[in-house]
Amino acid sequence: MSTQSHDPFGDPSLAALAAALSLTWPCEVVGVDDGSTDDTAAVLARFPTVRAVHLPENRGKPAALARGLAEARGEAVLVLDDDDLLLPGAVNVLAAALFADPERVAVWGDTILFDDATGRPTGGRPATRMPPSMALRVVLQQLPAMPGATLVRTSSGKACGPRDPSLVRGQDMDLFLALALQCPIGTVPLTVFRSRDNDGLRGSSSARSRTS
């Protein structure tokens, strides 16, 4: 894990957890250690209020997500990678929109991309502004939002079923397609999420090149 001067807690994982724990909306934070061989366990141990889950072996992101979602006890779930940052008030905004409609399955907002070395913004990924009736068409054309900017009703997430473990780079599309089939989905025209601009590439070069 790299140390960046713009991260108030140094390690990106520490900053991500600190941002999640600073939210004012009542929530729990579940951290999944997917059989890591680095200092992930030590990072999680620094936050006693985080419910840490340690998997015995590395099985990939779909398996880690499935375990984390199974552990979640709240009415809604937002998934963060270990270097993602929620903005202050993000869950307040998303949850207010989600629970305003008992039929709404998910709500997403906008994302700011920032440079990993300087912390400066490099661009943005606005969530779709299309109506819920067009959700499936939108997802078939592109990802409608970043997963870290998306709050999903827990019952709706479970109705989507487990993610396909054979998908290496397509877990996000898999989730959004399943959500779009349920509808309705809402949006908030506000930035709720910061993501490092790494071209979407995570993990080893061999894992990034695999296709299923």
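Here is a walk around Arg-129 and then over to the largest cavity. Keep in mind that the model is predicted.

Now look at what Arg-129 touches. Leaving aside residues up to four places away in sequence, Arg-129 is in contact with Asp-110, Val-188 and Pro-189. With Asp-110, the side chain of Arg-129 makes a polar contact of 2.9 Å. The side chain of Arg-129 also has a polar atom 2.8 Å from the backbone oxygen of Ala-127. As for Pro-189, it is 60 residues away from Arg-129 along the sequence, yet the two C-alpha atoms are 7.9 Å apart in space.

Next, the empty space. Rolling a probe the size of a water molecule over the atoms is how you find out where such space is left. How many cavities of 30 Å³ or more turn up here? The count is one, and the largest cavity holds about 50 Å³.

Which residues line the largest cavity? Trp-108, Thr-128, Met-130, Pro-131, Pro-132, Ala-135, Val-138, Ile-185 and Thr-187 do. Two elements, α5 and β8 (185-196), each contribute at least two residues to that lining.

Definitions and conventions
Residues numbered from 1 in each chain as written. Predicted model: local features only at pLDDT ≥ 70, side-chain atom pairs only at ≥ 80, totals over all residues. Heavy atoms only, no water. Contact = heavy atoms within 4.5 Å. Polar contact = N/O pair within 3.5 Å; in protein donor to acceptor, adjacent residues only side chain to side chain. 1 Å grid on protein atoms, 1.4 Å probe; cavity = no way out; pocket = protein on both sides within 12 Å on 5 of 7 lines; lining within 4 Å. Points joined across faces, edges and corners; volume = space filled by probe spheres on them. Helix = DSSP H or I, 4+ residues; strand = E, 2+ residues; numbered from the N terminus.
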